[in-house]
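Hi everyone, thanks for making time this morning. Let's have the sequence and the model up on the screen, and then I'll walk you through what I found.

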Amino acid sequence: MRARFDFHLSVLGGVVTGLLALAVPAAATVTSGEITPATSLDDAWRACNAPQLSPADRIAYCTPIIESGRAKPAARAQALVARGFGYVSQKDLEHALADFEAAIRSNPKLATAYYYRGAIQMERDPKRALADINKAISLNPKDPDYFRERSSLYAKRKEYPRAIADLTTAIGLAKKPAREYFLRGATYEDNGQRDKAIADFQASLALNPDDELLRRHLIDLGGQIPKAVQLPSGLCSANDITHEQRIAGCTASIESGTLTGWPLKVAYCNRGYALTELGEYDRVIKDSDALIAINGQAGCGYLNRARAWYYKHDLDRAIADYTQAVTFDPRLHEAYASRGTAYFDRREFGKAIADYSAAIAIDSDTPMYFSDRGNTRYVMGECRSAIADYNRAIEVDRNYSQAYARRGWAFLCLDELTNAEADFDKALELAPRDAYAESGRAELYQRQNKSVPEQRSTALSFENLRRLVEHPGGDAAK
């Protein structure tokens, strides 16, 4: 079970949660001063502790506070913890550990510093990690994250009663203990207590009904899905049906008057998605408005409406709705990626890269996210970084033609003609008559003083047609 459902806190995850745990003191804890001609130390302080910030930017903003000599010890310690988190996100654990240790020296009563120092030592030194987390709990016994992390150590040692006790405490402390119920259920399952595991999985799913992995596992265990979070019946939730069928099924479910809460949200969201795929954007907006009026925190409602605004070429409204979507559902990677594309269209490339990176952090199995981030870097002239992203996209999907075509252009940017030719050939093998790959190969042949070969007439495969429909213009964007 643990191998399949290991949701214990990873030191490389939960950046937003971790930073929100920092109690940000008033800006008066640092003395105002210039870092750059446009950025004050107070501005750097606010950015250093912001929940949403790229790791490189966090490190850049926190460093002047740490090195200024004007920050009070408590503020300097907190900046060190925040910078340490930036290093963690970059998988630079040695620098992160050094920052957490420096934070403890600066403020020996900062519980978060002990907690994060313990978290990054879970594998290398479990005994020291446990001591650090015990210290964090002694300094702040009201933080559920600390008990949840300690339970992970106990579970790995197969001390299940202790792990369960810590998770029970965490459930009592957490505002929305979906993860804590899940972990306690997993621990019960590992300990052979199936009925208690099912009860906790049901409680977790009731709080987080969008967890499809848990939903399937609960069914595999023989547990019942709680009625309040059951999917709408019939065609609305069926697989392998047409968009028209889904719209009809969801409409029947909505108009039946029997759905409330989460099932009603799913029915509206499924219908909105199908309408978007058919290009009925005004109906999508109307549907989303109706859902949001019922449930103002329905992330998928904002996502559907944002997609409609985007395809209607209203980028401002699209970005606003994508932002609402991730505000209410921070795991909605599609919203981050789509907002990144809207920022790309506005040529706000830094924001686009940050959003693609956020999407990748949530879902690293979607090659398009790497490809689109690489495309943004390519447009910015960062061809080597773009190639690294295209490489990642191809690692995820060896048949992703778009990544080969785009990487070919990046190799052209670096005048690596042999690599470019191989990529354009591969792209055209996978997607014959692809315009972007053909234009790249024509440019390549011109540089090589070679004539462009006669094009073969090849029918467009269904898979490539599907990609063109789902990602219009994706291959043509430079």
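The C269 and C300 link is right-handed, with 60 degrees about the S-S bond. The pair ties together distant parts of the chain, since C269 sits in helix 14 (residues 261-277) and C300 in helix 16 (residues 299-311), 31 residues apart. Please keep in mind as we go that this is a predicted model.

How many disulfides does the structure hold? There are four. If you count the bonded cysteines along the chain, the pairing runs 1-2, 3-4, 5-6, 7-8.

Let's look at another of these, C48 with C62, whose sulfur atoms are 2.0 Å apart. Why is the disulfide of C48 and C62 right-handed? Because the torsion about its S-S bond is about 100 degrees. Are C48 and C62 buried or exposed? Both C48 and C62 are buried.

Next comes the disulfide of C236 and C250, with its sulfur atoms 2.1 Å apart. Here, too, distant parts of the chain are linked: C236 is in the loop between helix 12 (212-220) and helix 13 (243-255), while C250 is in helix 13 itself, and the two are 14 residues apart. The torsion about the S-S bond of C236 and C250 is about 90 degrees, so this disulfide is right-handed. C236 has 0% relative accessibility, so it counts as buried. C250 is buried as well, because its relative accessible area is 0%.

The largest nonpolar core is made of 58 residues, and Y322, A335, Y378 and F424 have the most contacts inside it. Which helix gives the largest share of this core? That is helix 22 (residues 401-413), which supplies seven residues.

Let me zoom in on F424. Setting aside neighbours within four places in sequence, F424 is in contact with A405, G408, W409, L412, A437, G440, R441 and L444.

For contrast, let's visit a residue on the outside. R331 is found in the loop between helix 17 (315-328) and helix 18 (333-345). With a relative accessible area of 57%, R331 is exposed, because the cut-off for exposed is over 50%. The C-alpha atoms of R331 and D363 are separated by 8.9 Å, and these residues are 32 residues apart along the chain.

My last stop is helix 4 (residues 73-89). Its 17 residues reach 24 Å from the first C-alpha to the last, close to the 24 Å expected at 1.5 Å a residue. Is helix 4 mostly covered or mostly open? Mostly covered, with 13 of its 17 residues buried. After helix 4 comes K91, and the phi of K91 is positive, near 60 degrees.

How values were computed. Residues numbered from 1 in each chain as written. Predicted model: local features only at pLDDT ≥ 70, side-chain atom pairs only at ≥ 80, totals over all residues. Heavy atoms only, no water. Disulfide = S-S within 2.5 Å. Buried < 20%, exposed > 50% of the residue type's maximum accessible area, 1.4 Å probe, protein only. Helix = DSSP H or I, 4+ residues; strand = E, 2+ residues; numbered from the N terminus. Core = buried A, V, L, I, M, F, W, Y, C linked by side-chain atoms within 4.5 Å. Contact = heavy atoms within 4.5 Å. Expected span 1.5 Å × (residues − 1).
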